[in-house]
Amino acid sequence: MGKALIIGCGGVASVAIHKCCQNSDIFEEICIASRTKSKCDELKAKLDGGKTKITTARVDANNLGELITLIEEVKPDIVMNLALPYQDLTIMDACLATKTNYLDTANYEPEDTAKFEYKWQWEYRERFEKAGITALLGSGFDPGVTGVFSAFALKHHFDEIEYVDILDCNAGDHGYPFATNFNPEINIREVSANGRYWENGEWIETKPMEIKRVYDFPEIGEKDMYLLYHEELESLVQNIPGLKRIRFFMTFGQSYLTHLKCLENVGMTSIEPIEFDGKQIIPLQFLKAVLPDPASLGPRTKGKTNIGCIFKGKKDGQDKTYYIYNVCDHEECYREVGSQAVSYTTGVPAMIGAAMILTEKWNRPGVYNIEEFDPDPFMEALNKWGLPWNEDFNPVLVDSETVKLIEPEKDGKYEN
Ligand code: NDP
């Protein structure tokens, strides 16, 4: 049915590529292109022999000319950008130049400042519309499935959604004192930034990790979770009419936070370049180089993830609550595709999003966040392709009296 050019060959891309090969009726042909071609060739060697035809290429996705040449050579129906957020705009430019559909899993980030904003990509709306091509932004889990869950809740369960809490729990244990489950640079930027949530028409900023709760996650149990800003909040605020508040919480273990605090205190998480041995280096990029490669965590990680949304609103004039979530087992993911659940929960929706476009279920020219499309075919595909969802119509709410607050740390410092 179609051909995809997949850019990047890291943790997320590897899962998406496995899944495209499983879904060979839709993905007849894929080209895997990344900065390090040997990684693409290794994956191709593992997956060759199935129905999906695989080719590989080397590309620097920061280089517009190289991208255009590659797209013109491969002639894909869609470019799946599974590299890093820094490459989003060059890849979108190349898609415009070649009139090719586009998909990503993370908003564009300038290299020098962590922003988590869609504004740069939203500026492409008119140009994509005029070119007659679709850009699907944020087709991972969060952003991604959380937006699809929101559209599904609005379509089938509510007349009006007033409150949304997105809860992202990773109860995986990889046995290292400190490692990040996906690209460390992106992960640490996200966690060390100020928290922010939206209430009654305005953004409210918190200090990093200031708002904390202990939530009893289905199939996992009690975990400490912290309010963070997360990019899907920006688009969901615009796409859920009548919304009063939306927040995002993520779980972190004490060991992770203690290490992070220490790294922060010594300046290792900074993205300001420093001079070292006559060279300019960015401390966070250096830190990435010494931390375990997220891809290497797969075989070591045990436990589950649980990511979902709790909605509160009105249906037929009555108050209603609704919790929808997916539980994913790290070891099962590893057995299936050789990656842990964090890459799996992102790579599967990336494949599904591309399938929505290739099958023309979701092909509206322009630039869209995922909740702007009909959620039903995507929800069906989640059950089919390894991320089944569960519903609870009487969930414990984050602010309920039974949910414990975590004691504030002494003097603003984490204890060890
Ligand atoms: P990895 O670091 O594992 O992989 C990134 C890949 O991109 C590597 O193969 C890397 O190549 C390649 N790459 C980097 N720069 C370039 C370049 N200039 N040109 C070509 N290729 C390049 O990251 P992940 O797989 O963990 O994450 C991929 C994306 O998914 C990120 O944008 C991340 O933010 C997003 N994500 C989204 C989530 C969601 O739920 N929405 C959750 C988790 C991640 P090389 O091998 O040479 O380094």
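Colleague: Where is the place of proline 143?
Modeller: This is a predicted model: local features need pLDDT of at least 70, side-chain atom pairs count only at pLDDT 80 or more, and totals for chains, interfaces and linings use all residues. Residues are numbered from 1 along each chain as its sequence is written, and side-chain values use heavy atoms, with hydrogens and water left out. Helices (H or I, at least four residues) and strands (E, at least two) are DSSP runs, numbered from the N terminus. Proline 143 sits in the loop between β6 (134-137) and α7 (145-156).

Colleague: Is the peptide bond from aspartate 142 to proline 143 cis or trans?
Modeller: Most peptide bonds are trans. Here omega is near 10°, and the bond from aspartate 142 to proline 143 is cis.

Colleague: What is phi of asparagine 200?
Modeller: Asparagine 200 is in the loop between β8 (195-199) and β9 (202-206). Most residues other than glycine have a negative phi. Asparagine 200 has a positive value, near 45°.

Colleague: What is the relative accessible area of aspartate 316?
Modeller: Aspartate 316 lies in the loop between β15 (304-315) and β16 (318-329). Its phi is positive, near 50°. Aspartate 316 is exposed, with a relative accessible area of 63%.

Colleague: How many residues surround the ligand?
Modeller: A residue is near a molecule if one of its heavy atoms lies within 4 Å of it. The closest are Cys9, Arg35, Thr36, Lys39 and Ala61. The shell divides into 13 nonpolar (Ala, Val, Leu, Ile, Met, Phe, Trp, Tyr, Cys, Pro), 4 charged (Asp, Glu, Lys, Arg) and 11 polar (the others, Gly among them). The number surrounding the ligand is 28.

Colleague: How much of the ligand's accessible area does the protein cover?
Modeller: A backbone N or O atom of threonine 105 is 2.9 Å from a ligand nitrogen. Accessible areas come from the Shrake-Rupley method with a 1.4 Å probe; for residues, only the protein chains shown count as cover. Of the 930 Å² that the ligand has on its own, the protein covers 92%.

Colleague: Which helix does the chain cross through from β2 to β3?
Modeller: Two strands pair if DSSP finds at least two bridges between them. Here 6 bridges join β2 (residues 27-34) to β3 (residues 53-58), and the strands run parallel. The β-α-β crossover is right-handed (with the strands pointing away from the viewer, the path from the first strand over the helix to the second runs clockwise). The helix is α2 (residues 37-47).

Colleague: Which side chain makes a polar contact with the side chain of arginine 213?
Modeller: Arginine 213, in strand β10 (residues 212-217), is buried, with a relative accessible area of 13%. Its side chain reaches the backbone oxygen of valine 398 at 3.4 Å. A polar contact is a pair of N or O atoms within 3.5 Å; within protein, one must be able to donate a hydrogen and the other to accept it, and residues adjacent in sequence count only if both atoms are side-chain atoms. At 3.0 Å, the side-chain partner of arginine 213 is aspartate 399.

How values were computed. Buried means under 20% relative accessible area, exposed over 50%, partly exposed in between (1.4 Å probe, protein chains only).
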